[in-house]
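I opened this notebook to record what I looked up in the structure. The entries follow the order in which I consulted the model.

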Amino acid sequence: MNQTSPTPGLAAPAQLLADTKRPMHTPAGLVGDTPVLWIGAPFTAAGHGFWTKLEGHNPGGIKDRTALHMVRAARERGRLLPGARIVESTSGTLGLGLALAGATYGHPVTVVTDPGMEPLMTGLLMAYGAEVDLVDTPHPTGGWQEARRRRVEELLAVHPDAWCPDQYNNPDNVAAYAPLAHELVAQLGRIDTLVVSVGTGGHSAGIASVLRGYFPHLRVVGVDTTGSTIFGQPAAPRLMRGLGSSIYPRNVAYDLFDEVHWVAAPEAVWAARRLARDHYATGGWSVGAVALVARWLARSLPPEGRIVAVFPDGPQRYVGTVFDDTYCREHSLLGYVPADDPDEIAHPGDRIITRWTRCTHITDPLSSDALSAGGQQAVAGAAR
């Protein structure tokens, strides 16, 4: 059982929400204090459900939080000089957050992306004053993600005073999400299971580490995409954006996870569309994948348990992909109904995953034992 009162030394839930509120007279003041929503039948089985944290209510999405925090911290440490350019690689959502941070603190912003970015996102970034730099060739082993990172290095050489947040490895990316965790404690009082998508590792590590201070027996469920290397699968072409990775972000806190689920694109599309129809709340790839896993957990775990799923953004940027029939037909995403239960594997390296699959043996692919053994090393999930 999770404890129902804060650990000594931690702030009381009522105080947490008060501490996170900010005046809303600036654009940055619109970030945070996002609502929670109950998702039950008909999306879930009758009598079962889960709570969602709707980060799409931020101006640009969940990464508004980390963009503002990373920029503010870099300025305070003197790493980002007044008026200096910000350059970063992103598939979209962080770009919106950096455009907001640039406007707030007076920095030009260059966003490095690839042809997979939706036209809507490109248009919004340019409207908000960001420069969009498009790479045209994927890296032979690291794909588009590595190609973007290399382009960032080239731009930093051209602009000596420029600063890159390096969201994949910057610990401020993790620290930025403590207020979100505090909001959840204040809004829900008790949390037994947290379901989070994993990309850079920032929000999963930042939220889970704080919540576990309040609820030591919290179950943390990571949601990845097929074709992602984060939890030990081989890299493969990925249609879904926002979760997953072709590199190994060092912000991923492997020791916090109890299990991981890999979800395929057609399964995420099914869940995102069902959410929209059933509950008038939805988002894109990450939201669909997280919702599918939370739906299964709500049916599988005791009904008195309190499950929280973090929805990183809303549906707006996905009108031309997840919610576009022509796009979905071209990519064979329609007409697929996920199985009632995920496949199970004992170890992330057992086989290549192509559909929704679950594993409770959590590994860090870059651990010294994993590299020397040609496999992976189990971490704290089994120790709790």
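Entry one: the largest pocket. I note at the outset that the model is predicted. I looked up the lining of the largest pocket and found 43 residues in it. Nearest the centre of the pocket lie Arg-238, Met-240, Arg-241, Gly-242 and Gly-244. For the volume of this pocket I recorded about 710 Å³.

Entry two: the make-up of the lining. The largest share, 4 residues, comes from H5.

Entry three: helix H7. I turned to helix H7, which spans residues 178-188, and listed its buried residues. These are Leu-180, Ala-181, Glu-183, Leu-184, Val-185 and Leu-188. I recalled that an α-helix has 3.6 residues a turn, so residues three or four places apart point the same way. Just after H7, I found Gly-189 with a positive phi of about 80°.

I located Pro-365 in the loop that lies between strand E12 (363-364) and helix H12 (368-373). Is Pro-365 buried or exposed? I recorded a relative accessible area of 9% for Pro-365, and it therefore counts as buried, the cut-off being under 20%. I also looked up its separation from Thr-229, which is 136 residues away along the chain. The C-alpha atoms of Pro-365 and Thr-229 are 8.2 Å apart.

Technical notes: Residues are numbered from 1 along each chain as its sequence is written. This is a predicted model: local features need pLDDT of at least 70, side-chain atom pairs count only at pLDDT 80 or more; totals for chains, interfaces and linings use all residues. Side-chain values use heavy atoms; hydrogens and water are left out. Buried means under 20% relative accessible area, exposed over 50%, partly exposed in between (1.4 Å probe, protein chains only). Helices (H or I, at least four residues) and strands (E, at least two) are DSSP runs, numbered from the N terminus. On a 1 Å grid over the protein atoms alone, a cavity is a set of points where a 1.4 Å probe fits but cannot get out, and a pocket is an open set with protein on both sides within 12 Å along at least five of seven lines; lining residues have an atom within 4 Å of a point. Grid points are joined across faces, edges and corners, and a volume is the space filled by probe spheres set on the points.
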